[in-house]
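Thanks, everyone, for making the time.

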Amino acid sequence: MADVDIDIEESPFQASPVTPATFDEDHVIKFRCHKGIECFNACCKSIDIMLTPYDIVRLKNRLGMSSSEFLRQYTFPFEFDKNSIAGVKLEPVEGTTQCQFMTEEGCSVYEDRPTACRYYPVGLLSLRRADENFDRASYALVEEDHCKGHLEDREISIKDYRKEQGLEEYDENGRAWRRLVLKMKSSGPAIGKPSLQSRQLFFMASYDLDRFREFVRSEGFQNTFKLEPDELETLYQDDLALMKFADRFIRQVMFGEETIERHPDAFEKHVRRREEARKLREQAGDDSE
Ligand code: SF4
Ligand code: SF4
């Protein structure tokens with residue numbers, strides 16, 4: 001294990017007691033959670049839940065709101081590390097640590113609950129070897145005193161637990177973003193702190209998808225990038241397609257991984273427009289004298 005760096009921050013349970021052992025998905029745990037259990041809802045009364053972009057898509061669509069409205073009402077931003085890469089977490093009910101989606105009957109957004117809620121009490125960890133630039137899935141167990149699910153008489157492998165909790169779809173749709181965050185975190189010391197503009201673009205393209213869609217619609221974007229009309233139409237309609245495109249866009253802007261074609265004369269046009277705008281400003285200044 002000497003060449004393996006366990007990035008515990010990738011766990012959705014940063015503040016929780018994670019047992020100091022990692023497992024693969026064949027590992028069997030003893031756990032069951034159900035409505036009749038004495039601790040029902042206890043975990044939702046004290047939350048620390050990081051959201052993935054896919055979590056946000058599912059929740060904002062369930063609630064019939066835009067990503068901007070959802071972010072404002074249900075989340076708060078935090079920084080992953082000193083390089084100021086922003087993440088978002090669920091904002092508890094004001095003045096408490098309780099989830100806004102918790103009701104007496106349980107989770108009010110159960111079918112669309114976030115990845116971290118589905119995983120609990122399993123922690124998804126990220127293992128990175130010194131000579132590799134990608135993550136390997138590994139798991140840990142979170143054992144908290146208030147959670148009586150560990151005392152239930154049911155054994156299940158982590159693989160089957162992930163299936164039961166619908167996590168294959170969530171992990172599939174969250175993988176590209178996790179890798180992107182890992183890349184940003186691991187290359188941070190090499191490239192330094194990203195500029196404010198890069199960080200703002202990262203935030204918008206990762207979490208505020210409806211705003212990113214408006215950006216893609218904008219004249220400035222379309223004067224710079226060359227997309228076919230049917231590709232643009234898909235991005236206007238389909239959140240998942242836009243989410244995947246956002247990943248390519250961030251990688252292009254932040255790491256120079258060029259996968260989105262640019263108009264050949266985009267830079268010259270941009271310079272020309274700036275020059276014209278400067279002249280107009282100067283003229284306006286002359287006229288007002
Ligand atoms: S989203 Fe649902 S499952 Fe997750 S903490 Fe809130 S109430 Fe609990
Ligand atoms: S068993 Fe654990 S996960 Fe289930 S309601 Fe109780 S505290 Fe929450």
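Let me begin with G64, which sits just after helix α1 and takes a positive phi of about 65 degrees. Please keep in mind that this is a predicted model, in which local features need pLDDT of at least 70 and side-chain atom pairs count only at pLDDT 80 or more, while totals for chains, interfaces and linings use all residues. Residues are numbered from 1 along each chain as its sequence is written, and chains are lettered from A and ligands numbered from 1 in the order in which they are written.

Helices here are DSSP runs of H or I with at least four residues, numbered from the N terminus. Eight of the eleven residues of α1 (residues 53-63) are buried, so this helix is largely enclosed by the rest of the structure; buried means that 20 or more other C-beta atoms, placed from the backbone, lie within 10 Å of the residue's own. Those residues are P53, Y54, D55, I56, V57, R58, L59 and K60.

Turning to the ligands, I call a residue near one if its C-beta atom, placed from the backbone, lies within 6 Å of it. Around ligand 1 we find C44, I47, I49, C99, F101, M102, C107, V109, R113, P114 and C117, a shell of ten nonpolar, no polar and one charged residues. Here Ala, Val, Leu, Ile, Met, Phe, Trp, Tyr, Cys and Pro count as nonpolar, Asp, Glu, Lys and Arg as charged, and the others, Gly among them, as polar. The shell around ligand 2, which includes C33, C39, C43 and C147, has eight nonpolar, three polar and one charged residues.

Methods. A residue is buried if 20 or more other C-beta atoms lie within 10 Å of its own, exposed if 12 or fewer, and partly exposed in between; C-beta atoms are placed from the backbone. Helices (H or I, at least four residues) and strands (E, at least two) are DSSP runs, numbered from the N terminus.
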